[in-house]
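Please keep the sequence and the model open alongside the text.

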2 protein chains.
Amino acid sequence: MRHSQMLIPTMKEDPADAQVVSHRLMLRAGMIKRVAAGIYSYLPLGLRVLQKVSQIVREEMNSVGGQEILMPMAQPAELWKKSGRWSEYGPELLRLKDRKQADFCLGPTHEEVVTELMSDHIKSYRQLPQTVYQIQTKFRDETRPRFGLMRAREFIMKDAYSFDVDQAGAICSYEKMYQAYWRIFQRCGLRFKAVEADTGSIGGNRSHEFQVLADTGEDLIANCDHCGYAANIELANVFVATDSSHTEELPYEKVLTPSQKTCVEVADFLGVSIDKTVKTVLFMADDKPIMALCRGDHEINESKLKKALHANWARLMTDEEARLLVGPTGFLGPVGLNPEIRIVVDRVLSKMPSLITGANQQDYHLAHVVCNRDFPAEFLDLHSATLGDICGQCQVSPFVFHRGIEVGHIFYLGTKYSEPMHACYLDEKGCEKTIEMGCYGIGIGRTAAAAIEQNHDAKGIVWPLALAPFQVSLVRLGQDEEVVKTADQLYRTMLENNIEVLYDDRDERPGVKFADHDLIGCPVRVTVGGRSLKEGLIEVKRRSSDEVSRVALDSVITYIAEQLAPTKV
Amino acid sequence: MRHSQMLIPTMKEDPADAQVVSHRLMLRAGMIKRVAAGIYSYLPLGLRVLQKVSQIVREEMNSVGGQEILMPMAQPAELWKKSGRWSEYGPELLRLKDRKQADFCLGPTHEEVVTELMSDHIKSYRQLPQTVYQIQTKFRDETRPRFGLMRAREFIMKDAYSFDVDQAGAICSYEKMYQAYWRIFQRCGLRFKAVEADTGSIGGNRSHEFQVLADTGEDLIANCDHCGYAANIELANVFVATDSSHTEELPYEKVLTPSQKTCVEVADFLGVSIDKTVKTVLFMADDKPIMALCRGDHEINESKLKKALHANWARLMTDEEARLLVGPTGFLGPVGLNPEIRIVVDRVLSKMPSLITGANQQDYHLAHVVCNRDFPAEFLDLHSATLGDICGQCQVSPFVFHRGIEVGHIFYLGTKYSEPMHACYLDEKGCEKTIEMGCYGIGIGRTAAAAIEQNHDAKGIVWPLALAPFQVSLVRLGQDEEVVKTADQLYRTMLENNIEVLYDDRDERPGVKFADHDLIGCPVRVTVGGRSLKEGLIEVKRRSSDEVSRVALDSVITYIAEQLAPTKV
């Protein structure tokens, strides 16, 4: 394409409202344009990138037997009432009424529509397994849409759904999808990790996130270099051998700690380090009260707590609930607690000879508290993985931590949707069974944005070859007749050789052209300028390097083709 | 693809609620599934067809310099208020509120978004012309969604928008688009006509519809075989030489016609043929009252009236308005009429020596009324083209009429949107000018449906090659080892030869397989059966013919390739 005829509204200055790199650079490179909060138009360069991501995703979905379909964005409420999510889903579900006052929502995800579709179609075990997918526009009415395509309200997602006869089949579909996801992000040219993840509101009990590694990522990943285990810190399995062999002879003792409520305050006041104190947090899990204890410098993690308790849900107790149950908080502790409250203790505490805990009395703490002597302690893995923690998988290496951006998420759903929506089949014996499901998402726009978060420099984007809007920027310097003739000819030859080229044929200064090229970030820049051309030479430079090669005109196409070999860029 | 592993829920019986052929056959062939009224999921076969239409459209849009973009479906009300359409557009515009109670609509079309986009970007005449397009999901909340993809609420449309410095440029963009549309529907393998059309609510004053010819079409097209002129009957230019040379000596005369109001009643009562009577209709056009007269067997056409009067709008007068202006209706006529009402007369009436009109008096008509003797008559072309009318373009041949389905519509918009939305540029002299626009739509789903309306038989769809979900159905009869081996091998060879094949490997009776093949309508059927195979033969049959060829196994791929040559199918 000729730059002069394209809609590429690049900007020299950073837009005021863009906080993250990818948002800033996609706006500056003229790839997207804001229409409303969290709602964008994709301009030619941006759409090309999304189409490249989509095509890779499509090919890999097809390779595991995925069938492409397209479901509607407007979904009738009745389907969501069947699954129960019409009332469960918060205000992120944009609800609307049509002209006949019938309730609809804009689809944030398509479990209901696809389950209904397949349940109508599937009668027999002979029709299973099946996997369908779509690449489709979704809507989630985020409270604070921000970060451009990273957290938009209207966005493009690939969502796939698998249907199997039983759990073994569903796990097999899940594994195939896991492999396909690996290939997708590998082909996109991204550095990423597949990590164990929480199942969240989608439900089910097996889940992986695919995280693109980038310093600007919102998620924290614990990774073990020894065994390769990786998980969101909210879920990472931490190794702590439970060990209650430490002896503490002294009985517990009440100490005055006037107005000292937090662990930091207590540690300071008593002159001990914070890892000698204990943090006490009250939760509700499946409607039952829970007191959870962890080391003063650690954090109790709700996801881990829920998993450890095998609970359907867990959340912080509200102040109101706590007040009714135990009176004023601030000096809570496990000793002498209302026995209706279950006490769970992070395993790390089992290594401490004694604890300093609240005394359940205003302005007092207890020292020399011993687990299972002074209160019944149930040891579980409860704290978010943190520096120094040992991998729970291999029990050998300490975790290394990375920041990541979640670009894909796969879930084993079981019968969470097929059960309430009665999606069944007849097995070999003619018995009715419930279909086992999985669901699998990839944020198409977010993958493009994550690629930028991972691959950029001060001048702009440094696209991986597979996602670049064009492989080559052909920059023509000046309007000299010979330069124009040569550049035009090179442009045509590149097109003939199926090289995707953005030809900067504008009547602009070299500085402007080079700056735009660096901003847009195509992997290879080819420059036709008067001075080099007099020597029969063309300049070729890779976006990711500062090195400029001067190549003879008659061998430049071959040279460029080499640069575009997948191993090179 | 293997049929056994695909989601193709074919039906033997006609679904109850599908009235038109394409709706019925797309449901029966398992191409679409209803989710709500006018809202469908596209299943694998259906989506493949839509993708084929889309790809042809995309290539032809690119070939005329169109740049692909993607605009959002959720559009902020403020843009629609700028253009004025927020209040003008009826309830087909689905309005909604986000969680912050901000007004949005689901885009039925994107003039506002694209005008805002381009107006922000375009500063100088040097950036023009530009054409952008998208293939995108739209929503129109139709009162009576029906006919499957022919009149859906959520549907896929290609919409393109051109931006030019002046009218000449805009007309040039329009002409390019016209040519691209020709190529698109030609490549789709459809019989169609480009016809002059009304600009309707989109505005502007130059417009063509692309109509796929089918007996089931809702539109009527007048076509001249002599000069090639074609137009919607609402607009077709009819040739009538105005001729007031006929003389009528008798003065007009009041005749008693008790309770005879309609032309048919009056003709019967007076014992004359209906084409001797006159139909009188009251309109409002640009807030002024109009009385329009035409022959009793003709129809006054609003679009023609509006065009003839150079009015911005024209509509039937309401009963209330008529009552206030002229009293009770039923015996209205032009003689002695309130002079504030303008009288326009279809040119056909100029050939009649005298007219029978209402007397403006209950139960009376006037006979021997002469135009421009008894009332001032302004002769215009006002009636919908009808049988016997002569083409107004060449003034030679009578029109031939076709039924058609509108699949594309192109409009020259002028400054209808750029003016209120202030989309301007600076010309060579630095003067601010308003951008001239055009807009161009193609219904992707409707094109697929129209292809079916045009190409089907009692057994199912007969796809044009370019739109077929697969080029070939490979039907395996029985489970005989040799048959399975041969069919599997043929399947692989076809894939290697880039032949798109649907391999019916199901364990079903031949009758079921052939019926499904005929229903789905792939252009070529290849059958591997035990009996023929013993003779080393494979059966090949085109969907559009009853002839079955028996071809030697080793030359069957070549034979199929020949069948798939574009000229063949």
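## Terms and numbering

Two strands are said to pair if DSSP finds at least two bridges between them. Helices (H or I, at least four residues) and strands (E, at least two) are DSSP runs, numbered from the N terminus.

The model is a predicted one, in which local features need pLDDT of at least 70 and side-chain atom pairs count only at pLDDT 80 or more, while totals for chains, interfaces and linings use all residues. Residues are numbered from 1 along each chain as its sequence is written, and chains are lettered from A and ligands numbered from 1 in the order in which they are written.

In chain A, an open sheet of five strands runs in the order E17-E15-E16-E18-E21, and its pairing is mixed. Its edges are strand E17 (314–316) and strand E21 (378–380) of chain A, each of which pairs on one side only. On average, neighbouring strands of this sheet are turned by 35 degrees against each other, direction ignored; here axes are lines fitted to C-alpha atoms, for helices over the stretch in contact, and angles run from 0 to 180 degrees between N-to-C directions.

## A second sheet and the helices packed on it

Another open sheet of five strands in chain A has the order E30-E29-E31-E32-E33, again with mixed pairing. Strand E30 (501–504) and strand E33 (548–552) of chain A are the edge strands, each pairing on one side only, and neighbouring strands are turned by 25 degrees against each other on average, direction ignored. Strand E32 (residues 537–542) of chain A runs antiparallel to E33(A), to which five bridges join it, and Leu537(A) stands opposite Ala552(A) in E33(A).

Helix H12 (residues 510–520) of chain A packs on this sheet, where it touches strand E29 (472–476), E30 and strand E31 (524–528) of chain A, and its direction makes about 175 degrees with that of E29(A). Helix H14 (residues 556–563) of chain A also packs on the sheet, touching E29, E31, E32 and E33 of chain A, with a direction that makes about 5 degrees with that of E32(A).

## Helices H1 and H10 of chain A

The axes of helix H1 (residues 21–28) and helix H10 (residues 444–454) of chain A come within 8 Å and cross at roughly 105 degrees. H1(A) is therefore roughly perpendicular to H10(A), a description used for angles of 65 to 115 degrees, whereas angles under 35 count as roughly parallel, over 145 as roughly antiparallel, and the rest as oblique.

Two residues are in contact if their C-beta atoms, placed from the backbone, lie within 7 Å. Between these helices, Val21(A), Ser22(A), Leu25(A) and Met26(A) of H1(A) meet Ala449(A), Ile452(A) and Glu453(A) of H10(A). By class, this contact has five nonpolar, one polar and one charged residues, where Ala, Val, Leu, Ile, Met, Phe, Trp, Tyr, Cys and Pro count as nonpolar, Asp, Glu, Lys and Arg as charged, and the others, Gly among them, as polar.

A residue is buried if 20 or more other C-beta atoms lie within 10 Å of its own, exposed if 12 or fewer, and partly exposed in between, with C-beta atoms placed from the backbone. Of the 569 residues of chain A, 50% count as buried. In helix H9 (residues 319–326) of chain B, by contrast, the count of buried residues among its eight residues is zero.

Glu299(A) lies in the loop between strand E16 (288–295) and helix H8 (302–308) of chain A, and counts as partly exposed because it has 17 C-beta neighbours inside 10 Å. Leaving aside neighbours within four places in sequence, Glu299(A) is in contact with His383(A) and Ser384(A).

## The contact between the chains

In the model, 39 residues of chain A are in contact with 39 residues of chain B. Among the elements that give two or more residues to the chain A side are helix H2 (44–63), helix H5 (111–121) and strand E7 (130–139) of chain A. By class, that side has 25 nonpolar, eight polar and six charged residues.

Chain A can be laid on chain B with an RMSD of 0.1 Å by a turn of 180 degrees and a shift of 0.1 Å along the axis, the copies being superposed by least squares on the C-alpha atoms of residues with pLDDT of at least 70 in both. The two copies are thus related as by a two-fold rotation axis. In chain A, the C-alpha nearest this axis belongs to Leu96(A), at 3.0 Å from it.
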